[in-house]
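Subject: Structure handover

Hello,

Here is the structure I promised to pass on. Please open it first, then read the notes below it.

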Amino acid sequence: MDFLVFQVPMLTVQALLDGLLLGILFALIAYGMALQWGVMNIINIAQGDLVILGGYIAYFMYLYGIHPGWGVIVSPIIMYFVGIGIYKLVINKVVDRDLFISILATFGISILFMQLMNFAFGADVVLANSNYGTTMLFDNSVTLPNSKIFSALISILFAIGLVIYMKKSKLGRAIRATAQNARAAKILGVDTEKVYAATFGINAALCGVAGALISITFTIHPYMGLPYTIRSFMIVIVAGLGNLPGVALSGMGLGVFEEFADYILGTEFRIGSVFLLLVLILVYRRFKLSRKREYLK
Amino acid sequence: MNKNNLILYSIILIFGLGAPFIFPAFKVQLSILCVLIILATTWNIQGGEMGYNSFGNILFYGLGMYLCASVQVGMFFPLAEWTESGGEKTFVHTPEQFFQGIAAGLIVAAVVPAIVAGLIGYSILGLRGHYFAICTLGLGVAAGEISGGIEIIGAGQGFTTPPFPDVGGLEARGEFFYFLSFLALVLTFIAVRSVYSTRFKLILNAIRDNEDKAEAMGIQTMKYKIIGWMISAFFCGLAGGIMGGLVGYIDSTDVAFDGREMGVFMVLMAILGGKGTLWGPVIGATVFHIFKEGFWTFFLGWQYVALGVLIVVIVIYFPEGIMGWLREKYPEKFGEVVDEADRKAQVELK
């Protein structure tokens with residue numbers, strides 16, 4: 001095994017920059033997951049499939065001659081209603097129940113979505129070409145596609161917008177109140193049912209944005225959803241619920257880790273290393289907590 | 001064991017032994033059913049009795065599958081050349097070699113996963129609730145992805161298991177694998193049943209109901225959790241080894257570490273039948289398999305859609321399972337003493 005990535009400094013820079021830009025995108029998905037986990041106490045395994053579905057919306061705009069960059073506006077609007085639909089059909093029946101029930105139910109949704117997308121869009125790996133060109137840095141030795149920079153900027157924009165919205169708007173305050181104490185919020189006149197639906201919708205919309213960006217910068221495929229779920233889960237457990245700077249940082253950390261794993265272990269082990277990292281992080285935290293006779297819960 | 005039970009078990013045993021002759025066309029399906037029942041029953045040790053909802057038992061199943069096939073080939077031929085030829089008949093097992101190989105392979109396939117479960121058990125079983133579920137999900141998928149990159153066991157192109165030797169043709173092959181899987185099923189059932197009739201089951205239930213309290217009562221919960229997982233791993237590995245020979249072809253993500261099919265099936269079957277009962281997984285697996293085969297045949301291509309809908313419906317509307325439903329309906333049959341007046345009052349309340 002040769003560690004070319006450490007011997008050539010420009011490759012290191014390349015991997016680092018790629019990883020950071022990718023990580024910002026992961027952080028956006030993880031932000032959605034943290035939001036609905038915190039508010040509704042649900043772990044959504046179908047998160048990644050919502051991302052892929054959002055990506056296909058942008059891809060279809062591209063197929064019909066509209067610039068896929070507009071997907072970041074169209075996709076969240078459609079995905080918001082998809083999210084509300086999923087909430088009304090399934091999620092509202094599992095909100096107050098055991099977490100495992102929600103994991104299994106959303107796992108079912110994930111399988112359903114995977115297959116429906118496979119029927120609707122075919123099993124090919126697709127990519128929406130944005131024609132943004134590339135930026136060369138450091139004497140042409142580091143290549144950065146402009147689409148990646150674009151996607152990182154849009155992600156940051158949406159994240160900041162959402163933070164402000166959650167702080168200032170009425171719905172945002174209702175969501176935060178429900179997250180703190182659903183019963184008290186209900187007593188004080190918050191329609192928690194509506195809040196839950198809106199939260200899930202916002203989560204789906206964030207997934208839609210991220211998906212549209214992914215379809216521009218990377219590739220999408222109906223079965224690529226689960227790794228995104230696992231990544232966002234990992235980011236959330238590393239950062240902790242309700243810790244937004246933490247989510248951003250650990251998202252970027254994960255992106256960098258993945259790029260380096262790609263260079264060092266080879267592309268075929270990339271997804272495997274992500275899943276293995278999840279196991280390692282959980283086991284590490286378990287041993288750390290068990291010293292105090294506590295456990296992850 | 002009382003008289004009624006004895007009669008019931010002998011009827012099932014006779015039916016099991018006669019099944020391939022009553023339904024000669026369904027031998028492969030019956031063997032798969034046996035494997036499914038083993039998986040559901042062993043999942044139930046974690047998910048039902050212990051309260052640890054594992055998505056990762058597929059790890060042992062896939063491990064057993066690869067180990068059995070590797071031993072079967074590796075005992076007589078160079079493994080790397082076998083996988084490289086990709087199923088070309090460059091090496092042919094004689095009948096003797098085949099049966100020796102599968103016997104040794106199944107032993108390894110059962111023992112090694114149990115050891116692996118024992119080794120990783122201390123780290124993984126320290127997690128609780130949904131962290132355990134997600135961690136084991138990650139473990140299963142990681143195993144699939146990583147084994148798909150290892151050259152010697154076929155990597156992406158798959159691993160062809162040794163074909164059944166030329167004795168008796170297709171009939172003999174079906175019967176051999178049926179009786180092998182039925183034997184494994186009987187062994188699993190006896191083991192699980194005898195384990196459940198001891199203090200062990202009470203300890204597992206105590207862990208499920210309140211682990212901290214169980215620990216405070218002086219039970220070494222970790223020890224029992226690991227033992228429980230090792231039992232599961234042992235039989236999952238065995239089932240995997242048999243399934244590898246039955247299918248004849250091993251692919252890392254589509255056959256061995258197939259979290260999207262087998263990994264979910266075992267959870268679903270146990271829940272459908274009723275978690276935390278001895279017979280629940282058996283009934284659940286049987287019902288599920290019949291439903292699945294019917295559905296898979298008539299709605300070819302839509303099976304995953306049906307599977308997704310089925311998961312959602314079962315989990316939301318039917319989380320107690322068939323046994324749970326029966327228990328609610330006829331509590332006397334399950335040894336619960338019910339006050340008749342009280343029950344009537346409850347019915348009126350509804």
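Chain B is built from 16 helices and two strands. Please keep in mind throughout that this is a predicted model.

**Chain B overall**

Chain B has 350 residues, and 47% of them count as buried. Its radius of gyration is 21 Å, which agrees with the value near 20 Å that a compact globule of 350 residues would have. Along the principal axes, its C-alpha atoms fill a box of roughly 75 × 45 × 40 Å.

**Chain A overall**

Chain A has twelve helices and two strands. Their order along the sequence is α-α-α-α-α-β-β-α-α-α-α-α-α-α.

Of the 297 residues in chain A, 49% are buried. A compact globule with 297 residues would have a radius of gyration near 19 Å, and chain A agrees with that at 19 Å. The C-alpha trace of chain A spans about 65 × 55 × 40 Å along its principal axes. Among the contacts in chain A with a separation of 6 or more, 75% are between residues 24 or more positions apart.

**Where the chains meet**

**Helix packing in chain B**

Look next at helix 10 (residues 221-247) of chain B. Its axis and that of helix 2 (residues 27-50) of chain B come within 10 Å. The two axes cross at roughly 165°. Angles over 145 degrees count as roughly antiparallel, and helix 2 and helix 10 of chain B are therefore roughly antiparallel to each other. Their crossing is left-handed.

From helix 2 of chain B, the contact residues include B:Val28, B:Val35, B:Leu39 and B:Met50. From helix 10 of chain B, they include B:Lys225, B:Trp229, B:Phe235 and B:Met243. The contact of helix 2 with helix 10 of chain B has 14 nonpolar, five polar and one charged residues.

Helix 7 (residues 169-196) of chain B also packs against helix 10 of chain B. The axes of helix 7 and helix 10 of chain B come within 10 Å and cross at roughly 170°. That makes helix 7 of chain B roughly antiparallel to helix 10 of chain B. The residues from helix 7 of chain B include B:Phe177, B:Leu180, B:Thr188 and B:Val195. On the side of helix 10 of chain B, B:Leu238 and B:Gly245 are among them. This contact divides into eleven nonpolar, three polar and no charged residues.

B:Phe235 of helix 10 takes part in the contact with helix 2 of chain B and in the contact with helix 7 of chain B. B:Ile231 is likewise in the contact with helix 2 and in the contact with helix 7.

**Single residues to look at**

A:Asn41 lies in the loop between helix 2 (9-40) and helix 3 (47-63) of chain A. Its phi is near 55°, a positive value in a residue other than glycine. A:Asn41 is partly exposed, with 16 other C-beta atoms within 10 Å.

Is B:Leu13 buried or exposed? B:Leu13 counts as exposed, because it has 12 C-beta neighbours inside 10 Å. B:Leu13 sits in helix 1 (residues 3-22) of chain B. B:Leu13 and B:Val186 are 173 residues apart in sequence, yet their C-alpha atoms are 8.6 Å apart in space.

B:Pro24 is in the loop between helix 1 and helix 2 of chain B. B:Pro24 is exposed, with 11 other C-beta atoms within 10 Å. B:Pro24 and B:Ile316 are 292 residues apart along the chain, and 38 Å separates their C-alpha atoms.

Best wishes

Definitions and conventions
Residues numbered from 1 in each chain as written. Chains lettered and ligands numbered in written order. Predicted model: local features only at pLDDT ≥ 70, side-chain atom pairs only at ≥ 80, totals over all residues. Helix = DSSP H or I, 4+ residues; strand = E, 2+ residues; numbered from the N terminus. Rg over C-alpha atoms; globule rule 2.2 N^0.38 Å. Buried ≥ 20, exposed ≤ 12 C-beta atoms within 10 Å, placed from the backbone. Contact = placed C-beta atoms within 7 Å. Axes fitted to C-alpha atoms, helices over the stretch in contact; angles between N-to-C directions. Parallel < 35°, antiparallel > 145°, perpendicular 65-115°, else oblique. Left-handed = near helix turned anticlockwise from the far one by under 90°. Nonpolar A, V, L, I, M, F, W, Y, C, P; charged D, E, K, R; others polar.
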